[in-house]
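Here's a walk through one protein–RNA model, starting with the space inside it and moving on to the RNA side and a sheet. Have a look at the structure first.

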Amino acid sequence: MSNIRHALSARRADDFAQWYQEVISAADLAEESGVRGCMVIKPWGYGIWERIQRLLDDRIKATGHDNCYFPIFIPLSNFEREASHVEGFAKEMAVVTHHRLISDGKGGLIPDPEAKLEEPLVVRPTSETIIGDAMARWVQSWRDLPLLTNQWANVVRWEMRTRMFLRTSEFLWQEGHTAHEDAASAKEHTLRMLEVYRACAEDDLALPVIAGEKPENERFPGAAETWSIEAMMQDGKALQAGTSHYLGTNFAKASGIQYQDREGSQQFCHTTSWGVSTRLIGGVIMVHGDDDGLRVPPAIAPHQVIILPMLRDKEGDEELLAYCEKLRAAIAATSSLGEKTRVLLDKKPGKAAAKRWDWVRKGAPVILEIGGRDMEGGTVSLLRRDRLWAENGKPDFSTPTVEDAASSLPAMLEDIQKSLFDEAATRRDDNITRGIADMDALADFYSSDKRYPGWVEVQWSKPTGAALDAVVEKLKALKLTVRNVPVGGAVADGTCIFTGEPAVERIYVARAY
RNA sequence: CGGGGAGUGGCGCAGCCUGGUAGCGCAUCUGUUUUGGGAACAGAGGGUCGCAGGUUCGAAUCCUGUCUCCCCGACCA
């Protein structure tokens with residue numbers, strides 16, 4: 001429909017990167033801060049994060065974890081303990097070296113040379129080492145295990161190239177840290193939390209994901225196994241939306257997390273860690289956004305229903321507002337998706353028709369416009385954000401009675417939640433290609449189209465070490481990466497696309513964020 | 001961190017080459033007329049041109065440095 005007047009100026013199909021940025025500003029999610037790589041998360045964006053937090057926190061607590069809070073500063077000597085961890089993060093650390101400023105004599109301030117810290121503090125890029133320190137104190141006996149903790153925090157990684165929500169120098173996340181008696185129980189827990197992430201992504205954020213194990217070269221620094229959930233964006237690229245790590249005894253040995261077992265001998269714990277971040281919001285944008293802005297899945301929408309009275313600055317406005325308030329209360333008394341329906345009566349001055357587009361861009365799931373004639377007829381003008389346009393190229397309003405609107409909203413919100421997921425899942429499934437059996441075909445596939453053709457499932461022999469490095473190089477030439485080996489994926493029955501050896505498993509390769 | 005591009009009222013831009021202390025559109029405010037739908041007209045407010053130095057009688061404009069953003073690359077749970 002070329003006659004549709006969209007709410008954004010950028011089009012997904014023309015310039016996905018520019019469109020992404022326009023959604024963030026048009027939906028009022030976040031803005032630049034003036035500090036490199038750091039953003040201000042605005043109320044609508046932060047409200048979405050709070051919803052994600054609430055729902056995920058419930059899931060984390062339901063699996064037996066307690067929340068804690070650890071310091072943002074980690075003593076350098078503490079951070080140094082795990083060698084591969086250091087190697088992985090050393091290049092992107094913020095370091096605190098002074099604790100006082102003095103005048104530079106020119107009206108400015110400089111760190112006081114007299115106030116240099118004896119031991120620098122690093123700003124946490126993740127908290128394995130400092131939490132490991134605590135675990136070493138907290139765990140004495142097998143009776144203390146498993147130790148299941150989580151924290152909600154900010155972390156800092158000095159990234160070379162940043163993008164709002166997807167990769168920022170400072171970001172908000174949740175990091176779970178657990179200690180277990182043995183490898184089997186720690187691995188089991190790693191997968192349990194991966195499943196929690198899958199459920200949260202799919203059921204709460206309506207993001208279809210593929211859960212699986214990352215290849216050796218993509219492991220978290222210091223991990224024995226890294227698992228991820230991967231989501232497909234509308235440009236066909238993959239986004240790692242969450243990770244869960246089995247850390248073996250690497251951090252236990254580095255931090256001295258030991259316990260006395262049932263036989264009375266000292267054992268090292270097997271630990272896990274897992275996290276998801278504000279990057280999820282970037283995923284929601286790139287999966288559910290359209291040419292009119294964001295579409296927020298109802299489960300994570302700060303406001304699910306917006307009531308817009310068509311005020312005219314005349315007598316009658318008060319009566320209209322009272323009518324709207326009554327409807328607001330009726331909707332607020334209903335439950336949707338297992339919680340009280342979140343409805344906002346937007347009384348802000350201004351024309352309803354103009355305010356409507358602000359809420360369209362923000363992606364509120366349902367907008368109810370109510371004018372004098374609606375009030376007389378006992379109806380509302382209802383707009384579903386997931387089905388915005390009618391055949392005639394105009395907003396597709398329906399006009400149920402107020403009673404029907406209020407009573408049908410819970411089911412409608414559930415339907416929107418489901419339809420956003422189904423739309424994304426269909427798109428993902430349509431863009432996974434199978435049956436490519438050699439590198440030439442793979443290269444052709446990814447060079448045949450200007451747009452990203454999505455993901456490809458290939459079979460491989462699971463090379464390690466130098467052989468894996470060679471595979472990574474081959475893929476890199478095509479700007480591709482191995483995403484993961486899906487949990488419960490079909491068994492291999494062919495030869496490795498990279499080495500020609502018998503394949504042992506099927507993997508997804510894709511371009512990625 | 002390398003290559004390229006850009007920073008001028010809230011947003012999007014022109015002006016810069018050929019120095020003479022800012023302009024357009026949208027938005028905002030006021031008024032009028034309208035209004036079942038992303039209003040029209042008129043008027044008004046708002047910017048020391050990212051920041052710091054330098055050249056000059058005079059700098060948005062020229063020079064140097066620096067910060068931030070965007071794209072590509074390298075890097076990256």
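The residues lining the largest cavity split into 5 nonpolar, 4 polar and 1 charged (Ala, Val, Leu, Ile, Met, Phe, Trp, Tyr, Cys and Pro count as nonpolar, Asp, Glu, Lys and Arg as charged, and the others, Gly among them, as polar). They are Glu 128, Ile 131, Gly 132, Met 135, His 177, Leu 247, Phe 251, Ile 257, Thr 271 and Thr 272. Two elements give two or more residues to this lining, helix H5 (128–138) and strand E16 (270–277), and H5 gives the most, with 4 residues. Helices (H or I, at least four residues) and strands (E, at least two) are DSSP runs, numbered from the N terminus. About 50 Å³ of space lies in that cavity, and a search of the whole structure turns up 1 cavity of 30 Å³ or more. For the cut-offs: on a 1 Å grid over the protein atoms alone, a cavity is a set of points where a 1.4 Å probe fits but cannot get out, and lining residues have an atom within 4 Å of a point. Its volume is the space filled by probe spheres set on the points, which are joined across faces, edges and corners.

A word on ground rules: this is a predicted model, where local features need pLDDT of at least 70 and side-chain atom pairs count only at pLDDT 80 or more, while totals for chains, interfaces and linings use all residues. Residues are numbered from 1 along each chain as its sequence is written, chains are lettered from A and ligands numbered from 1 in the order in which they are written, and side-chain values use heavy atoms, with hydrogens and water left out.

Now the RNA. Of the 41 residues around RNA strand B, Arg 5, Arg 157, Arg 161, Met 310 and Arg 373 come nearest (near means a heavy atom within 4 Å). The surface near the RNA divides into 12 nonpolar, 12 polar and 17 charged residues, with H10 giving the most, 5 residues. Here are some polar contacts (pairs of N or O atoms within 3.5 Å):

| Protein N or O atom | Atom of RNA strand B | Distance |
|---|---|---|
| Met 160, backbone | base nitrogen | 3.3 Å |
| Arg 163, side chain | phosphate oxygen | 3.2 Å |
| Lys 476, side chain | phosphate oxygen | 2.9 Å |

Lastly, 4 strands form an open sheet with mixed pairing, in the order E20-E17-E21-E22 (strands pair if DSSP finds at least two bridges between them). E17 (residues 305–309) runs parallel to E20 over 3 bridges, and Val 305 has Val 343 of E20 as its bridge partner.

Key
1 Å grid on protein atoms, 1.4 Å probe; cavity = no way out; pocket = protein on both sides within 12 Å on 5 of 7 lines; lining within 4 Å. Polar contact = N/O pair within 3.5 Å; in protein donor to acceptor, adjacent residues only side chain to side chain.
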